[in-house]
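Me: I am new to this structure. Please take a close look at one part of it, and then show me what lies around that part.

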Amino acid sequence: MISFYYILSFILVAVSVYHFIAAESPFKRLIAVNILGSAVFLFFLTTSKNTPSQNPDPVPHALVLTGIVVAVSATAVGIALILSLSKREKDES
Amino acid sequence: MSLDLGYLVAFPILGGLLSLIGRLRLYAVFVFGLLSCFLSFYAFLLSLKHGKPLYQWVGGWIPPLGIGLRLDGLSGFFLMFTAVVFVGVGVYSLGFFKSAYKEREEFFWFFFFFLWAGLNAFFLSEDLFNLYVSLEVLSLTAGVLVALPGHKKAVRASLNYLLLSLFASLLYLFGVAIIYASYGSLSMHMLAKSFSEGGEFLYSLLPLIVSLSIKSALFPFHFWLPPAHSSTIAPASALLSSLVVKPPAYLLLRVWIEVFPKDKSLEYVSWVLGLLGALAIFFGSYYAIRQKTIKMLLAYSTVAQMGYLFLIVPLYYKAQYAEMRTTVIEGFTMQAFSHALAKASMFLASGNAIYVSKRDDISYMPGFAHSHPFTFFALFFSGATLVGLPLSGGFFAKFLLIKASFEVSMLFQGVVLLLGSLLAALYVYPIWRESLSFQPEKIYHLPIPRLMEVSAFALGFVAFSSGLVAGFLLQALSGV
């Protein structure tokens, strides 16, 4: 069961890297970055089962929580920049 | 003599927050700018005196729960020159915003201080996850600084930079997750022990190295740097080009010297990075020579100068075996230091050129030698440092690196270092030629605000003359 999550996260990493490189539109690339983030968080959380005892390791949870906060605020900055860019392009045409 | 290292991050953040309050802005900038600078210098002196690393656990929590901060000769040195560049750029900005972009000033100071806090946090961090958080702080603040002028070109460059930088940060986190999954720790000194017991960390190298190469614009990931660093205002360009690309290279040195075991498979990795560094020097210099505008020239020159920091990665590998560790660390630090100061000075001086001539083509560069001696000497000293003319800081850096590479008979590194200097001379030459030109239409008598001239000159002068006091500056590094 654990390996299913590992494989899923690797597939998501591959998908997001492909789209980040291939996509033209900045919004698609921002979404790709977000998917990469989710993939990495999924991978990181799955590793918390990786302990000798029955209890999961809490450290990855805390780190992923921090990572999510950072990813959300970074996405907000990205969207703000995309909006301001499209506004400037509209003004010109 | 002791110092809570957390203050080095807290004071710039406080300064940034207070600078948002309109009436308090200049007081906040003065007080917290000076305090942060003082603290950085104090930390530098502490590392000089202490000789061995100083560890602190934030809030008294010990690992694995707590966050470790570490101050040693290397991080102390980086803190010190970060503060020097920030003070120089800060003084410049006080003059700069009086004449242009007045409406951007409040945001500028906020991001100025947060960038400083992010850099300090990065240089002090001891665990890999905290480094990730600092990298994200750097990406966000640097991304906004790129967009600061607000025109379309800047916003587009900023968006490209931000997306790529976030992508690289997440790749870095992926590498960190692999390391945590294999060793159950993120603290560097604990990993140093476990890395020598098992080779699982090799799986994390690909995401980590790709991510750090993107962040420090190593060839072939350099394409985001020239538009991002050239389209923004002069003080922001100076900060980005001199400081923001340095941390990933610093982390690579740190990890290689302190954490990586003596592992044969790492030699191939080091050579890949070394060759990419050599390519960065050649391509960066080639494109710098071909540029028509001064800011693009300087941005490509940053690509070339960052190449040196990667060219010498095979030396880190060798340094694990031979008695030249200190020489390599000294050469690296001196190169990072002299490039940071010289590039900041160059960008500030280019801001002065744009201030008087309103254009940034090199062929419209004013004949500063006849009208503005301070700006001329800023360009002269910082150019000499980039080229590595004798006595300058850049000369001393290259001298140490060439000495180290010949000691372990790595002729390739030595020859590329020498060729790199020659190429740097070729792209610095047009700047000097134009600023010496006699044509009357290129001599502007428009006065430049005193602060803008003096700060550019001071940074260039310190970059040049640091070669004379390098022995004193570098003595802290022998304990690393």
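Reply: Two strands count as paired if DSSP finds at least two bridges between them. Helices (H or I, at least four residues) and strands (E, at least two) are DSSP runs, numbered from the N terminus. The model is predicted, with local features needing pLDDT of at least 70 and side-chain atom pairs counting only at pLDDT 80 or more, while totals for chains, interfaces and linings use all residues. Residues are numbered from 1 along each chain as its sequence is written, and chains are lettered from A and ligands numbered from 1 in the order in which they are written.

The part to look at is a strand pair in chain B. Strand E1 of chain B (residues 54–57) is joined to E2(B) by four bridges, and the strands run antiparallel. One of the residues involved is Trp57(B), whose bridge partner in E2(B) is Gly68(B). In a regular strand, side chains alternate between the two faces of the sheet. Strand E2 of chain B spans residues 68–71, with Gly68(B) and Arg70(B) on one side and Leu69(B) and Leu71(B) on the other. These four residues are all buried, so both faces of E2(B) are covered (buried means 20 or more other C-beta atoms, placed from the backbone, within 10 Å of a residue's own; exposed means 12 or fewer, and partly exposed is in between).

Helix H5 of chain B (residues 128–147) is mostly covered too, with 20 of its 20 residues buried. The end C-alpha atoms of H5(B) are 29 Å apart, which agrees with the 28 Å that its 20 residues should span at 1.5 Å a residue (the expected span is 1.5 Å times one less than the number of residues). Leu411(B), in helix H19 of chain B (residues 411–435), is exposed because it has 9 other C-beta atoms within 10 Å. The C-alpha atom of Leu411(B) is separated by 19 Å from that of Ile329(B), which is 82 residues away along the chain.

Chain B as a whole is assigned domain 1 (1–257) and domain 2 (262–480), with bounds from an automatic or database domain assignment. The C-alpha centres of these two domains of chain B are 21 Å apart. Where they meet, 46 residues of domain 1 of chain B are in contact with 51 residues of domain 2 of chain B (contact means C-beta atoms, placed from the backbone, within 7 Å). On the side of domain 1 that touches domain 2, H3(B) gives the largest share, 16 residues. That side of domain 1 of chain B divides into 27 nonpolar, 15 polar and four charged residues (Ala, Val, Leu, Ile, Met, Phe, Trp, Tyr, Cys and Pro are nonpolar; Asp, Glu, Lys and Arg are charged; the others, Gly among them, are polar).

Chain A is the partner of chain B, and their contact takes 28 residues from chain A and 22 residues from chain B. Helix H1 (2–22), helix H2 (26–46) and helix H3 (59–92) of chain A each give two or more residues to the side that touches chain B. H3(A) gives the most, with 15 residues. By class, this side of chain A has 18 nonpolar, seven polar and three charged residues. Chain A has three helices and zero strands, in the pattern α-α-α along the sequence. Its C-alpha atoms fill a box of roughly 65 × 25 × 15 Å along the principal axes, and buried residues make up 30% of its 93 residues.

Technical notes: Contact = placed C-beta atoms within 7 Å.
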